[in-house]
Amino acid sequence: MDSDSVFGNVVRAPEDPILGVTVAYNKDTSPNKLNLGVGAYRTEEGKPLVLNVVRRAEQMLVNDLSRVKEYLPIVGLAEFNKLSAKLILGAESPAIQEKRVTTVQCLSGTGSLRVGGEFLSRHYHQLTIFIPSPTWGNHPKVFTLAGLSVKTYRYYDPATRGLDFHGLLEDLGAATEGSIVLLHACAHNPTGVDPTPDQWEQIRQLIRSKALLPFFDSAYQGFASGSLDADAQSVRMFVADGGECLIAQSYAKNMGLYGERVGALSIVCKTADVASRVESQLKLVIRPMYSNPPIHGASIVATILKDRDMYNEWTIELKAMADRIITMRQQLFDALSARGTPGDWSHIIKQIGMFTFTGLNSKQVAFMTKDYHIYMTSDGRISMAGLSSKTVPHLADAIHAAVARFG
Amino acid sequence: MAFTTAMACRLIGRKSVIGARSMSSWWRNVEPAPKDPILGVTEAFLADPSPDKVNVGVGAYRDDNGKPVVLECVREAERRIAGKLNMEYLPMGGSVKMVEETLKLAYGENSEFIKDKRIAAVQSLSGTGACRLFADFQKRFSPDSQIYIPVPTWANHHNIWRDAQVPQRTYHYYHPESRGLNFAALMDDIKNAPNGSFILLHACAHNPTGVDPSEEEWREISHLFKFQVKNHFAFFDMAYQGFASGDPERDAKSIRIFLEDGHHIGIAQSYAKNMGLYGQRVGCLSVLCENEKQAVAVKSQLQQLARPMYSNPPVHGALIVSTILGDPDLKKLWLKEVKVMADRIISMRASLRENLEKLGSPLSWKHITKQIGMFCYSGMTPEQVDRLTKEYHIYMTRNGRISMAGITTGNVGYLANAIHEVTKSA
């Protein structure tokens with residue numbers, strides 16, 4: 001009688017720090033509670049948003065009775081892959097025209113990073129990846145489980161609440177030749193601090209001179225500045241120099257497809273032959289993980305991207321989301337200025353994308369949660385998408401009180 | 001801050017010598033990977049222009065016109081879902097509602113284990129994802145254990161446990177001479193496996209052979225686990241519940257036997273075939289634990305493995321499942337539609353066997369109707385299979401596996417004749 005479980009030694013894992021914030025928020029009964037934890041867009045009314053163009057696309061798919069639910073190929077929906085590559089690299093990209101790019105559908109950004117990481121750990125010669133400090137909390141776990149050794153490079157400067165450019169160049173300059181470098185294509189998560197165009201060019205030169213391998217995480221294309229092309233410039237700059245790179249794309253935020261898990265991994269190679277061989281090896285990573293990717297979300301994306309009108313409609317809705325966030329930044333900055341909250345808060349409007357790294361410490365954060373029912377990650381990161389004109393004053397009050405109390 | 005387009009153009013226009021420095025690729029040493037043997041069959045079929053061609057390679061259901069099927073209950077569920085709900089992230093463990101309904105199917109509608117909250121369960125990426133999560137979990141928490149895999153099995157099982165870095169061994173299963181189960185050897189292998197081995201079992205409709213243990217044999221296997229070996233872990237891959245006999249309760253018999261005998265098992269469930277949700281990737285991984293506290297711990301660790309793989313599972317397919325199983329009328333409709341699929345396959349088995357016997361085949365084809373589920377292990381050799389393809393444009397995997405779903409009243413005669421021709425002098 002096997003009364004002893006073979007898993008009797010399993011201890012309960014700690015809550016995921018980011019998703020755990022929402023868990024705590026849900027438990028709170030205060031009417032003033034504010035969830036600035038997870039990075040999912042909210043409207044002015046604080047509601048999740050499904051884009052109109054997405055609803056339309058979904059309706060089209062449901063009404064098309066000729067559609068079936070067969071397995072996708074291992075690499076996913078071909079049309080989706082082509083359109084995704086064009087979206088990030090540009091429709092006229094020589095790399096695409098020369099067939100040097102392999103693109104495979106994956107489970108959102110996370111899945112793309114994991115599949116890319118696993119491929120690297122099997123086929124690349126330098127198994128160290130440098131990730132920025134700080135970065136999205138899941139990055140180290142993804143790459144470690146993929147079989148890579150994770151190191152960090154300096155990125156955020158708490159003193160300026162901006163980029164530690166000198167530190168970044170030093171650390172990447174000291175990296176072993178061939179090392180992999182994770183780069184946030186735009187709207188760095190969690191800091192919202194991005195390099196300037198000039199800085200990107202210097203980073204590119206350094207990376208190429210040391211033969212480091214860039215791996216882009218593009219989770220916010222279009223969502224950061226409101227322009228799909230502008231938000232892709234860092235990636236396109238690297239591809240334009242003819243070198244190789246990996247790119248993980250996510251449609252979670254910019255198309256609001258969060259739970260559908262839609263994303264793509266592109267590997268830009270030197271030749272078409274290499275790209276083809278690389279693709280065949282990517283299949284061997286994917287097949288024992290989940291066989292083939294889910295069809296629904298990718299079908300919605302393909303439907304939208306390939307139709308000129310729907311594509312335009314999407315860019316308009318996307319810009320509206322980006323603009324609302326930029327407005328929230330301005331309002332929060334103005335509210336803190338109006339209250340005379342000590343300190344320089346200009347980083348709120350200088351940073352970009354969904355998140356602001358407020359610079360608040362964990363004591364201040366804990367205070368804000370306890371006394372003001374503000375939920376955010378303990379590193380001081382707030383999701384601007386969770387704010388509205390109505391709730392900005394409450395947040396400003398909380399920050400003001402926290403700084404006064406624990407300044 | 002963001003680029004301005006003008007500045008960006010200026011920078012990109014300048015082609016840097018540094019970028020073009022290394023002309024050779026990082027990937028020049030990457031070998032082309034071998035083609036997937038199963039999916040390669042369909043590719044070859046699609047490329048064949050012959051009007052007589054038959055595809056009995058694919059493991060997806062086809063109706064009597066050879067067309068893929070979307071179940072009515074699924075269409076209705078999708079109509080209800082579309083445009084109604086948001087697409088927020090599911091929790092890491094997936095849709096709670098979907099998982100609840102799915103556990104009822106495997107463990108029983110009124111299962112005490114569900115009531116006592118003893119099952120750690122998470123939504124998974126169909127059956128593959130469930131097996132992979134479990135393999136990763138096994139590696140992390142039973143690092144010294146091995147997995148025993150039947151011979152033969154679905155080829156991807158080997159890939160899954162290999163990528164999870166769990167050492168694998170095999171146990172006897174298929175008996176070529178009888179085209180049935182090699183029960184004695186199976187029992188021996190399990191008995192001789194080191195204590196604490198993990199044993200992969202196909203709950204019903206074994207893939208690729210269609211050969212299942214009888215109820216009595218299942219009882220003996222369970223008995224063996226209970227009294228004669230120490231602490232083996234039984235992991236069930238159940239990809240065809242309802243699809244095998246037409247009755248989901250009956251198809252779960254093997255699992256229920258093990259549960260009655262008190263084993264703490266693991267189960268991978270898939271809705272790919274029985275709900276026709278193939279491309280949606282919907283499934284569930286569950287692990288029965290000693291108590292609620294342990295179930296909570298195990299579930300939290302499964303989530304820790306899912307988070308760095310895909311963060312949280314896709315919502316659409318899960319919504320379809322929970323919409324159907326949560327509505328008594330839709331659930332009834334589903335059960336009816338599953339039975340239709342299973343019955344069609346069972347009738348094709350009977351028809352194929354009948355046709356072969358009528359043709360006066362010298363061989364025995366009893367196994368066609370004895371085997372169960374989507375696949376039939378015909379017993380044909382690779383050379384005979386090659387002849388079927390070359391001379392008759394019939395496509396199947398070279399191990400002689402026939403996908404019954406590809407057989408229709410329209411092509412069963414042609415297929416029987418072809419098989420007869422290549423085997424009559426065997």
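Across the interface of chain B and chain A, the rule finds four salt bridges, a salt bridge being a side-chain nitrogen of Lys or Arg within 4 Å of a carboxyl oxygen of Asp or Glu. This is a predicted model, in which local features need pLDDT of at least 70 and side-chain atom pairs count only at pLDDT 80 or more, while totals for chains, interfaces and linings use all residues; side-chain values use heavy atoms, with hydrogens and water left out. Residues are numbered from 1 along each chain as its sequence is written, and chains are lettered from A and ligands numbered from 1 in the order in which they are written.

**The interface**

In one salt bridge, the side chains of Asp163(B) and Arg122(A) meet at 2.8 Å, N to O. The interface of chain B and chain A also holds 26 residue pairs in polar contact, both residues being at pLDDT 80 or more. A polar contact is a pair of N or O atoms within 3.5 Å; within protein, one must be able to donate a hydrogen and the other to accept it, and residues adjacent in sequence count only if both atoms are side-chain atoms.

Several elements give two or more residues to the side of chain B that touches chain A, among them helix H1 (5-13), helix H6 (126-141), helix H7 (155-163) and helix H12 (292-310) of chain B. Helices (H or I, at least four residues) and strands (E, at least two) are DSSP runs, numbered from the N terminus. H12(B) supplies the largest share of that side, eleven residues. By class, the residues of the side of chain B that touches chain A comprise 49 nonpolar, 27 polar and 22 charged; Ala, Val, Leu, Ile, Met, Phe, Trp, Tyr, Cys and Pro count as nonpolar, Asp, Glu, Lys and Arg as charged, and the others, Gly among them, as polar.

In total, 98 residues of chain B are in contact with 106 residues of chain A, contact meaning heavy atoms within 4.5 Å. The two chains bury about 8800 Å² between them, 59% of it on carbon and sulfur atoms; buried area is the accessible area (1.4 Å probe) that two parts lose on being put together, summed over both.

Over all chains, the structure holds 39 salt bridges. Arg42(A) forms one with Glu88(B), the closest N and O atoms being 2.6 Å apart. Arg42(A) lies in the loop between strand S1 (34-35) and helix H2 (52-63) of chain A, and Glu88(B) in the loop between H3 and helix H4 (96-107) of chain B, so the pair joins two chains.

**The sheet of chain A**

Seven strands of chain A form an open sheet with mixed pairing, in the order S2-S10-S9-S8-S7-S3-S4; two strands pair if DSSP finds at least two bridges between them. Strand S2 (101-106) and strand S4 (149-154) of chain A stand at the edges, each with a single partner strand, so one side of each is left without a neighbour in the sheet. The twist averages 25° from one strand to the next; axes are lines fitted to C-alpha atoms, for helices over the stretch in contact, and angles run from 0 to 180 degrees between N-to-C directions.

Strand S3 (residues 128-133) of chain A runs parallel to S4(A) and is joined to S4(A) by six bridges, with Ile129(A) opposite Val150(A). Helix H5 (residues 108-123) of chain A packs on the sheet, its direction making about 155° with that of S9(A). Helix H9 (residues 233-240) of chain A also packs on the sheet, and its direction makes about 155° with that of S8(A).

**The sheet of chain B**

Chain B has an open sheet of seven strands in the order S2-S10-S9-S8-S7-S3-S4, with mixed pairing. Its edge strands, strand S2 (119-124) and strand S4 (168-172) of chain B, each pair on one side only. Strand S3 (residues 147-151) of chain B pairs with S4(B) in the parallel sense over five bridges, and Val151(B) stands opposite His172(B). H12(B) lies across S2 and strand S10 (283-288) of chain B, running at about 20° to S2(B).

**Backbone features of chain B**

| Item | Feature | Value |
|---|---|---|
| Val151(B) and Pro152(B) | cis peptide bond | omega about 0° |
| Asn207(B) to Pro208(B) | cis peptide bond | omega near 15° |
| Lys117(B) | positive phi, not a glycine | about 55° |
| Ala205(B) | positive phi, not a glycine | about 50° |

Pro152(B) is found in the loop between S3 and H7 of chain B. Pro208(B) lies in the loop between S7 and helix H9 (215-228) of chain B.
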